[in-house]
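This report goes through one protein model, from its strands to its cores, salt bridges and surface.

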Amino acid sequence: MHVEYSDKLRMNARAVRVPGRAPQWAVPAVKALLVAADATLAATSLLAAFYLREGEAVVTSRLTWTPDFAPYGALLPFVLLIRLLTLVYYNLYRLRGEFSHVDDAVRIFKATATSSLLIVAAAFLYRGGFEYRTFSYARGVFVLDFFLALISYGTLRLVVRRAQTFARERAVNLIPTLVVGIGPEALLCIKEMRERPALGYRVIGVVESSLKDETAIESFEGVPIVGELENLSEVIRETGANEVIVTDPRVSSDVLFDVMMRVGRRRGIEFRIAPNLFNCLPRKTEIDQIGQLPMIRLFREPLSSAARIVKRALDTIIAALALTVLAPLWIIVAGLIKLDSKGPIFYRQERVGMDGRIFLFYKFRTMHTNANDAVHREYQRKYIAGRPDTNQGDNKRPVYKMRTDPRITRTGRVLRRLSFDELPQLLNVLRGDMRIVGPRPPIPYEVEFYELWHRKRLDMKPGLTGLWQVSGRNRLSFEEMVQLDLFYIENWSLLLDLQIILRTLPVMLRGDDAY
């Protein structure tokens, strides 16, 4: 009976899938045109500002810069790059979901002001290169450029938003949305989105958390009920929904997190939650609004788009510099490994990264080849379970690590104590599998022993170092390690990363709690 009912729901779920009213390339094409328009406006604003301020021509009859404008022309590539990057940083290319003209105006002002300050800094530091090093730029040109850019970007965004509203009123550019629950909040949510298509949402189905038999209702407020809460992951895939709004207070935080882990980030699904469900909330949330409905958005990605770009850029720079500076050390370590025991210099192992993705993890080999991992596997099972016999030290100075591991070579013990065996992970950072700072990547068989809440540490890319390494390392129980990882994920900042990096080097050189 249950299987038949599940099949019926699955068939209904497929039936509500909404075909796209516009081709898939339409939104990327609009964004590309918007970028091109922004670049054109950035260049035009600078040219117009110079003409208005100086009253001089910008180009000659041969289509080259005039001598008076040439120093500004040398700055033009910087102007375009800075303007576009700040527009990306302030999320001004987002065409999804609801928008606010006031919010757009604030972000345009911030983006234009920030980029104008950076352009002035570039002008007075770069000075048009060697050729114009003695040239003095007119501040009035940059002031006019700011106002012209502000007006231009504001006008362009207003036109885009009007076109977006026009399209949405004709059922184009709407997000297929599922509503979880059939209470008053769900009713209000469905009515608001139905009456105001300009918000950008189309409710395609309702998910009920208490469907028990085939006599249950088949629709709610004219919207078909397409599944149960326990089948939410399957319903999302079958319906092609891009957003899930949870209005049912009976939803368990564990169930919701499990769904987010399974389909959330991989498929780009947004999850929002009604304000009365505070028992489900992680610390890092965002207050949002759809029309008159207050919502609390659950971060499907711990870092914003801008934060990911910044963190990735810093990781790449630090990893490249470290590889260059430490190249002689690599040669020395490789020689010691080859002299000490037979086998390859590098050790490759499968590790679990963000969202449970498997990647190849690199280390300097510190063990004998073909070593049996059965003992380590059993120790890790007990360690994750919190067994007291995994403490290899005492109550005053606990040690949660196998101190007498017969698999480790003589050179390997030294490399591990100094953490030099971790250096090849800089290659993982460059490949994008890892970050400089983040949770440590577990072995697949360790993840098999995880409880559900332990898996939250997989919500960010793993790191070469992290809060655990500089806060006690092997003196901490597994639950303490997970709590530190979750604290880092929910409270990430560039300052916190810098503090961890600065604390890592002394810990490495002292060999604190390394075995």
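Strands β5 and β6 (residues 270-273) run parallel and are joined by four bridges. The model in which this pairing is found is a predicted one. Within the pair, Ile245 stands opposite Arg272 of β6. Strand β5 also pairs with strand β1 (residues 175-180), again in the parallel sense and over four bridges. There the bridge partner of Ile245, on the β5 side, is Val179.

Which residues of β5 (residues 243-246) lie on each of its two sides? Glu243 and Ile245 are on one side, Val244 and Val246 on the other, and all of them are buried, with both faces of the strand covered. In a regular strand the side chains alternate between the two faces of the sheet. Val244 is also listed in a nonpolar core of 20 residues, among them Ile204, Val226 and Val259.

**Cores**

The largest nonpolar core has 45 residues. The members that touch the most others in this core are Phe364, Leu415, Leu426, Ile436, Phe478, Tyr488 and Ile500. Helix α15 supplies the largest share of this core, six residues. The core of 20 residues that includes Val244 lies apart from it.

Neighbours within four places in sequence left aside, Ile436 is in contact with Asp315, Ile318, Ala319, Leu426, Val429, Gly463, Leu464, Thr465 and Ile501.

Thr165 counts as buried because its relative accessibility is 13%, under the 20% limit. Beyond residues up to four places away in sequence, Thr165 touches Phe99 and Ala198.

**Salt bridges**

The count of salt bridges comes to 19. Three pairs are set out here with the distance between nitrogen and oxygen.

| Pair | N to O distance |
|---|---|
| Asp355 and Arg357 | 3.8 Å |
| Arg377 and Asp373 | 3.5 Å |
| Asp485 and Arg457 | 2.8 Å |

How far apart in the chain are Asp485 and Arg457? The salt bridge between Asp485 and Arg457, with its closest N and O atoms 2.8 Å apart, links distant parts of the chain, 28 residues apart. Asp485 belongs to helix α15 (residues 478-490), while Arg457 is in the loop between α14 (444-447) and β12 (463-465). Both Asp485 and Arg457 are buried.

Asp355 is buried, since its relative accessible area is 11%, whereas Arg357 is partly exposed at 41%. In the pair of Arg377 and Asp373, Arg377 is partly exposed with a relative accessible area of 33%, and Asp373 counts as partly exposed at 27% relative accessibility.

Salt bridges also form a network, which links Asp103, Asp104, Arg107 and Arg161.

**Surface patch**

Helix α9 (residues 305-325) gives the largest share of the patch, three residues. Tyr89 has its place in helix α3 (residues 70-89). Its relative accessible area of 48% makes Tyr89 partly exposed, and this value is over the 30% that a patch member needs.

**Positive phi angles**

Two loop residues remain. Asn91 lies in the loop between α3 and α4 (101-126). The phi of Asn91 is near 60°, a positive value in a residue other than glycine. With a relative accessibility of 42%, Asn91 counts as partly exposed, because that value falls between the limits of 20% for buried and 50% for exposed.

Ala171 is found in the loop between α5 and β1. Its phi is near 65°, a positive value in a residue other than glycine. How accessible is Ala171, and in what class does it fall? The relative accessibility of Ala171 is 24%, so Ala171 counts as partly exposed.

Technical notes. Residues are numbered from 1 along each chain as its sequence is written. This is a predicted model: local features need pLDDT of at least 70, side-chain atom pairs count only at pLDDT 80 or more; totals for chains, interfaces and linings use all residues. Side-chain values use heavy atoms; hydrogens and water are left out. Buried means under 20% relative accessible area, exposed over 50%, partly exposed in between (1.4 Å probe, protein chains only). Contact means heavy atoms within 4.5 Å. A salt bridge is a side-chain nitrogen of Lys or Arg within 4 Å of a carboxyl oxygen of Asp or Glu. A nonpolar core is a set of buried Ala, Val, Leu, Ile, Met, Phe, Trp, Tyr and Cys residues joined through side-chain atoms within 4.5 Å. Two strands pair if DSSP finds at least two bridges between them.
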